[in-house]
Amino acid sequence: MRPPLPLLPPHLLRRLDGRTLSTPLLDPLIRTTSSSPSTPHHSFSLYLLLLRSALRPSHLTFPFLGRAAARLASPRLALSLHAHPLRLGLLPWDIYVANSLVHMYAACALPDLARRLFDEIPRPNLVSWNALLDGYAKCHDLLSARCVFDRMPQRDVVSWSAMIDGCVKCGEHREALALFEMMETTGAGNGVRANDVTMVSVIGACAHLGDLGRGRQMHRYLQERGFLLNLRLATSLVDMYAKCGAISEALEVFRVVPVTSTDVLIWNAVIGGLAVHGLSMESVEIFQEMQHSGVVPDEITYLGLLSACVHGGLVGEAWRLFHSLEAQGLRPHVEHYACLVDVLGRAGRLEEAYGVVKSMPMEPNVSVLGALLNACHLHGWVELGEVVGRQLVQLQPDHDGRYIGLSNIYAIARRWQEAKKARKVMEERGVKKIPGFSEIDVGGRLHRFIAHDKAHSGSREIYALLNLITVEMKMKDDVAIPEYFLHTDRTMGA
């Protein structure tokens, strides 16, 4: 008697209808569904059918199921699945099954279990090493990843790419670029060449560092090595140029990509880049192009647009976009509310901004309250500013800026004792003010400057130039002001 079929979609049921169930029949179906980005869970429904039919899984069944569990990132499924090939005696001897489960544990953020299984493999191959390395990198355990990387008997482009990507995801962008240079020098002799995955990570590192020179160098590298400018690479380049301040070059790359080949990610990169550069209307115009292209915007699109409205003071446009977000069936997140509050607050519409905060379906976070506090400080609404400032201190008692923000609110009301008390409470709680700093890359070397800091070797020349600029600015003001008063005096005398 045929067992009852698990819950399966009609197209799979049709492929099984009237056929004798067997492992060779079910394995290809498990493989196909395991590769699906949306329905990998159907692999386990088919596996249940295999078990209920008293069929024996093959050595091919488990790699597909491991892939499905990895896509689902389900630790519970991963742990349950491991027992089956173990009971059948396939582990740790079958390298394909073992490798797939190492990858599965890594994808499920269980690197310790991945390592335990890896250590049981009698002769791990390059795929085994790469699976373990990638697992540590994805779990942001860069130290363990580097230990694995250094111990590898051989490395391919997958190894290098996983290590570089791990550095980027952990914020070690300079290390990522150093690894890329090492790959180019040591890996080339072993036939290792960067691929699309490598270059997306490397360009991302340049973007985070704001290193335009290195970013342009990577763009030339792509052209010289004959890389096809696919959508992922184009999006990375657009993002890099925008973050490095070269918005015209970002637009040049964007325009090279046919509109029919674009997706929401590359549009978001352009819209966000224009917003950061204060090109608010241009950002809105690009959004209109996006709508005509048929690409559906997402929450990130609207976040970039609302940010553009903040920079440009576009209050009416911000409200229109916020309502459009809801009309699209998308749910506004707290970041969207923060932008809306910010644009209203900067425009002096504090009552309206406060109304938005009170109407939020979720608790306002520090971004929302910070925007409201800044507006209160800018426009002198001390009563509300005091309430919001106290809330921020409660939410982030270890953040120096929260005490200083509250102190500044008291200062604009000339409540000096309370302003002084806010700063004293900060000191009593052991909260230290972190000095602000700026960084600039000159000639491939990063220079950091802290306010009033003279530790830099070129401080004498830098301050001399700043003083010269200040004097010139004052001289221009001194010339302009008498002309204005002379004109006024003549008018009044007439």
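## Exercises on a predicted model

R414 has a relative accessibility of 64% and therefore counts as exposed. Buried means under 20% relative accessible area, exposed means over 50%, and partly exposed lies in between (1.4 Å probe, protein chains only).

This is a predicted model: local features need pLDDT of at least 70, side-chain atom pairs count only at pLDDT 80 or more, and totals for chains, interfaces and linings use all residues. Residues are numbered from 1 along each chain as its sequence is written, and side-chain values use heavy atoms, with hydrogens and water left out.

### Exercise 1. Backbone angles

Place R414 in the chain and describe its phi.

Solution. Step one: find the loop between α24 (400-412) and α25 (416-428); R414 sits there. Helices are DSSP runs of H or I with at least four residues; strands are E runs of at least two; numbering starts at the N terminus. Step two: read the angle. R414 is not a glycine, yet its phi is positive, near 60 degrees. Most residues other than glycine have a negative phi, and most peptide bonds are trans.

Solution. P92 belongs to the loop between α5 (75-87) and α6 (95-107).

### Exercise 2. Helix α10

How many residues does α10 have, and what span does it reach?

Solution. Start with the length: α10 runs over residues 157-169 and has 13 residues. Next, the span. From first C-alpha to last, α10 reaches 18 Å, close to the 18 Å expected at 1.5 Å a residue. The expected span is 1.5 Å times one less than the number of residues.

Then look at the ends. At the start, a side-chain oxygen of D156 comes within 3.1 Å of the backbone nitrogen of V158. After the helix comes G171, with a positive phi near 80 degrees.

Is α10 mostly covered or mostly open?

Solution. Count the buried residues: 11 of the 13, so α10 is mostly covered. Among them are W160, M163, I164 and V168. W160 also has a charge over its ring: R155 lies over its face, 5.5 Å from the ring centre. R155 lies over the face of F149 too, at 4.1 Å. The test for a charge over a ring is NZ of Lys or CZ of Arg within 6 Å of the ring centre and within 35 degrees of the ring normal.

### Exercise 3. Aromatic pairs

How many aromatic pairs does a search of the whole structure find?

Solution. The search finds 10. Rings of Phe, Tyr and Trp (its six-membered ring) pair if their centres lie within 6.5 Å; planes under 30 degrees apart are stacked, over 60 edge-to-face, and the rest tilted.

Take Y47 and F62. Their centres are 6.0 Å apart, with 70 degrees between the planes, and the pair is edge-to-face. Y47 lies in α3 (residues 42-52) and F62 in α4 (residues 61-72), so the pair ties together parts 15 residues apart in sequence. Both Y47 and F62 are buried.

Take W319 and F322. This pair is edge-to-face as well: 6.3 Å centre to centre, 85 degrees between the planes. They are three residues apart in α19 (residues 315-327), so about one helical turn separates them. W319 is partly exposed at 21%, whereas F322 is buried at 4%.

Finish with a cluster: ring pairs link F180, Y221 and F227.

### Exercise 4. Salt bridges

How many salt bridges does a search of the whole structure find?

Solution. The search finds 16. A salt bridge is a side-chain nitrogen of Lys or Arg within 4 Å of a carboxyl oxygen of Asp or Glu.

First, E175 and R146: their closest N and O atoms are 2.8 Å apart. The pair links distant parts of the chain, with E175 in α11 (residues 173-187) and R146 in α9 (residues 142-151), 29 residues apart. E175 is partly exposed at 32%, and so is R146 at 23%.

Second, R320 and E317: the N to O distance is 2.4 Å. Both lie in α19, three residues apart, about one turn.

Third, E418 and R415: the closest N and O atoms are 2.7 Å apart. Salt bridges that share partners join E386, R390, R415 and E418 into one network.

Notes: Polar contact = N/O pair within 3.5 Å; in protein donor to acceptor, adjacent residues only side chain to side chain.
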